[in-house]
Amino acid sequence: MTAVVFTQNLKRHVDCPDMEVVGETVREVLERVFAEHPKLRGYVVDERGVLRKHMSIFIDGRQIADREELSDPVLPGSEVYVMQALSGGA
Amino acid sequence: MSTILVSTRKGLFVVEGAAKQARITRTAFVGDNVTLARADRRDGSWYAVLDHGHFGVKLHRSDDRGATWVEVAIPTYPPKPEGFADKDMWGKDREWATKGIWALEPALDAAGALWCGTMPGGLFRSNDRGQSWQLIEALWNHPTRVKWNGGGADHAAIHSICVDPRDPRSVVVAVSSGGVWRTRDAGASWTAHTKGMVAGYVPPEQADWPENQDPHCVVQSPSAPHVFWCQHHMGIWRSTDDLASWQQLHAEPSSFGFPVAVHPREPDTAWFIPAHSDQKRAPITGEVVVTRTRDGGKTFQILREGLPQQHAYDLVFRHALSIADDGDQLAFGSSTGNLWVTANQGDVWHSVANHLPPIYAVRYT
């Protein structure tokens, strides 16, 4: 199982409790989460499935490399953090 | 009772009452970036566009005049076909993804139907009060569309949607910057309507190309639908022949600005809010004024009573001027958080608030 944790800033807008899911890539992990919480999808990725510009995802403390396909591998026992990047406007 | 929806960088503010009695009575989404809000008078619903930045653009609807809101769908673009040439002005691949919502208008041919203008230049329609959206492909696939570019923003935006009171299947949209387009068949086909407009920011031989025109705001006269007014990047234009042609007009102290409002029953009466110029987007000599014509643009009056006349640097964005159905009440809000209303067509203005966040849109419900 992989633990998925969402930024508090996101919880203000949409239902996204921390979860434990199974998946081999960031994409697979997120799809499991989105299946449970469909509204969350549009807050994290756009309609192309690309990570939103000012969002960031960390696997065990390491920022993911592939923001488009979300292909970075995830291991059982990993922690995935979905955060907002310190970029963007006022 | 007059109700005004005021969309700002840090929330939605509801103003009730006219002239001196106008007060902020309610708020919603405080802290969030509300870029546009409006009512659909047919069913009384209110719509609010939120741009969360990090989390994208969202659309909310209220069926109880702002007491509660539900998130509905936003328009989304289809996947870009493999190999499709669509580059922006920097030569980068244009992303087919909703970057912003800049216009929302009831589609008058069906209950609950809406038109939505977005960045990067897509027009969408909902037949179910925003629960789902369809891209109007004939406009998106028009050969000139890939040449539309951002006017002041990185992406082209459909900001004005005029649904013809004579026939709701006839719709005019204006694009910054991509011209003025009309469909007469509810979106199945489109033609450009920019004859007479001139762009000064391209080489001279391209100055009259439709896709190069940067209308900042276009409105259609409800009482004489063959009359349109346009605040263009290059000045003020008017059409009195149902968009066969446009004629340029000149207002003092300036013809540069963003919004325009037309009187609901007098097609020759319209209001503009001038800034100094493209290069200096602030009031001239620090004086906030509104210009009004009652003779189709032959002459303009400068309205300043009740407005700050020294060291004021308010800019009024294209959606931040609104006129009520009575034709006497108007309201406008500024980039520096000032909100003013009038009950006598602008002869006297009353300040409603001075410390709001930057105001993006003002709409009478």
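## Strands and pairing

Two strands are said to pair if DSSP finds at least two bridges between them. With that in mind, and keeping in view that this is a predicted model, one can look at strand β21 (residues 270-275) of chain B, which is joined to strand β22 (residues 290-293) of chain B by 3 bridges, the two strands running antiparallel. Within β22(B), R292(B) is the bridge partner of W271(B).

Both strands belong to an open sheet of 4 strands in chain B, whose order is β20-β21-β22-β23 and whose pairing is antiparallel. At its edges lie β20 (256-262) and β23 (301-303) of chain B, each of which pairs on one side only. From one strand to the next, the twist averages 30 degrees. In general, strands of a sheet pair through backbone hydrogen bonds, either parallel or antiparallel.

## Nonpolar cores

The largest nonpolar core has 96 residues, and those that touch the most other members are A37(B), A48(B), V49(B) and V260(B). Leaving aside neighbours within four places in sequence, A37(B) is in contact with several residues, including L5(B), L12(B), W46(B), A48(B), V49(B) and R363(B). Apart from this core lies another, of 21 residues, among them L40(A), V44(A), I57(A) and F55(B). In soluble globular proteins, nonpolar side chains tend to be buried together.

## Contact between the chains

The contact between the chains takes 14 residues from chain A and 11 residues from chain B. On the side of chain B that touches chain A, there are 4 nonpolar, 6 polar and 1 charged residues.

Terms used:
Residues are numbered from 1 along each chain as its sequence is written. Chains are lettered from A and ligands numbered from 1 in the order in which they are written. This is a predicted model: local features need pLDDT of at least 70, side-chain atom pairs count only at pLDDT 80 or more; totals for chains, interfaces and linings use all residues. A nonpolar core is a set of buried Ala, Val, Leu, Ile, Met, Phe, Trp, Tyr and Cys residues joined through C-beta atoms within 7 Å. A residue is buried if 20 or more other C-beta atoms lie within 10 Å of its own, exposed if 12 or fewer, and partly exposed in between; C-beta atoms are placed from the backbone. Two residues are in contact if their C-beta atoms, placed from the backbone, lie within 7 Å. Axes are lines fitted to C-alpha atoms, for helices over the stretch in contact, and angles run from 0 to 180 degrees between N-to-C directions. Ala, Val, Leu, Ile, Met, Phe, Trp, Tyr, Cys and Pro count as nonpolar, Asp, Glu, Lys and Arg as charged, and the others, Gly among them, as polar.
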